[in-house]
Amino acid sequence: MPCRPIDIKDVRRTAFGHMRQNGNYRRTALMIGLMLALINVPVMLMDCLTTWNVDLGALDMSALTMINTRLLLFQAMIAVFISPALELGKTRYMINAMKSDAGSPTDLFDGLSRGSYFVSVRALLWKYLLMYGWMVLPTTIAAQGVAMLQLGGGAGLATAIIGGALALMAMVSRLLAYSLQFYLLSDSPRMGAMVSLRLSTVVMHGRMNELFRLSLTMLPFMLIPMLPNAASLVFDVDSNLFGIAMALCSILLGAACYPMWEAAMAEYYLRVKAQIVKPRAKKADNWPYGPDEDDDDSQGESDSDSDNGSNGDSD
């Protein structure tokens, strides 16, 4: 089925206009701020409890490695066991908000229900595993180039650049290809993790350029919340209070900026869904996508019309 192009400017205009209406921006900012706090605050508290009143400069390398390992493991646990459910709840909220202005920040916890939680965790794990598989070869090439460069090999720099470019291209292409996974799951959790990944890849075939251009236009809204983290790396202030302040600034900036990006992404998904997913679901009985309520209503009307017609023919 050929892809009809989607007007990216119109997607942005519609999403921004929707955020300005009926308090949608305020509710969405509150929901995203709550999500960022639930993900980042536990990590921040763990960091403070681990390093509070500890002179990091007096510790040897093994002690520092142990502290960093604990923090990384705790952060990975948050990313694997909490973030997917919140991501699914946020996606479901954004779709409902863009459809009918309905939605509450508490919709964020819809992904924690028994049926949705395990699906979201499996979906994220499969997504990371497949992305890792795509990036193994180019990352190995880049590492080989760095090793050759350290040994004084003339071709090391070129090998590292080529490997790094291939790794970046693989990462961006897979992020775009899998970008609709949680949107599909939020509409139909019963399709499962692997099916949602395959369906997202099929739906995004021929459309990754569109989504890439949309991402570029929304890049400032995604980069601004990263400024506090960049500042903490640049100034390298050895203070827990400074780190807490930067983390809180990042959460506040994310709550202010991310709603625009999330609204644009939800609007783009709804347009892709109307153009590709629903027509394919009607043509293929085994296509793993459930009908909408509108489709059920139209199906009921067609059934009643056929019944009336058959009754008229029998009379």
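At what angle do H2 and H4 pack, and how far apart are their axes? In this predicted model, the angle between H2 and H4 is about 175 degrees, and the axes lie 10 Å apart. Angles over 145 degrees count as roughly antiparallel, so H2 is roughly antiparallel to H4. On the H2 side, the contact is made by Asn24, Arg27, Thr28, Met31, Met35, Leu38 and Ile39. On the H4 side, the partners are Ser83, Leu86, Glu87, Lys90, Tyr93 and Met94. Sorted by class, the contact of H2 with H4 holds 7 nonpolar, 3 polar and 3 charged residues.

The protein chain as a whole contains 13 helices and 0 strands. Its pattern along the sequence is α-α-α-α-α-α-α-α-α-α-α-α-α. The chain has 315 residues, and 39% of them count as buried. Among contacts with a separation of 6 or more, 76% join residues 24 or more positions apart.

The crossing of H1 past H9 is right-handed. Ile8, Val11 and Arg12 are the H1 residues in this contact. They meet Glu210, Arg213, Leu214 and Thr217 of H9. By class, the contact of H1 with H9 comprises 3 nonpolar, 1 polar and 3 charged residues.

Met218 can be followed in detail. Leaving aside neighbours within four places in sequence, Met218 contacts Arg12, Phe16, Met260, Trp261 and Ala264. Of these partners, Arg12 also takes part in the contact between H1 and H9.

Two loop residues were then examined. Where does Asn22 lie, in terms of the helices on either side? Asn22 is in the loop between H1 and H2. Its phi is near 55 degrees, a positive value in a residue other than glycine. Most residues other than glycine have a negative phi. Is Asn22 buried or exposed? Asn22 has 54% relative accessibility. The cut-off for an exposed residue is over 50%, so Asn22 counts as exposed.

Pro225 sits in another loop, between H10 (219-223) and H11 (227-235). Pro225 has 2% relative accessibility and therefore counts as buried, since the cut-off for buried is under 20%. Which residues does Pro225 contact, leaving aside its neighbours within four places in sequence? The partners of Pro225 are Ser250, Leu253, Gly254, Cys257 and Tyr258. Ser250 is 25 residues from Pro225 along the chain, yet the C-alpha atoms of the two are separated by 5.1 Å.

Technical notes. Residues are numbered from 1 along each chain as its sequence is written. This is a predicted model: local features need pLDDT of at least 70, side-chain atom pairs count only at pLDDT 80 or more; totals for chains, interfaces and linings use all residues. Side-chain values use heavy atoms; hydrogens and water are left out. A crossing is left-handed if the near helix is turned anticlockwise from the far one by less than a right angle, and right-handed if clockwise. Helices (H or I, at least four residues) and strands (E, at least two) are DSSP runs, numbered from the N terminus. Contact means heavy atoms within 4.5 Å. Ala, Val, Leu, Ile, Met, Phe, Trp, Tyr, Cys and Pro count as nonpolar, Asp, Glu, Lys and Arg as charged, and the others, Gly among them, as polar. Buried means under 20% relative accessible area, exposed over 50%, partly exposed in between (1.4 Å probe, protein chains only). Axes are lines fitted to C-alpha atoms, for helices over the stretch in contact, and angles run from 0 to 180 degrees between N-to-C directions. Angles under 35 degrees count as roughly parallel, over 145 as roughly antiparallel, 65 to 115 as roughly perpendicular and the rest as oblique.
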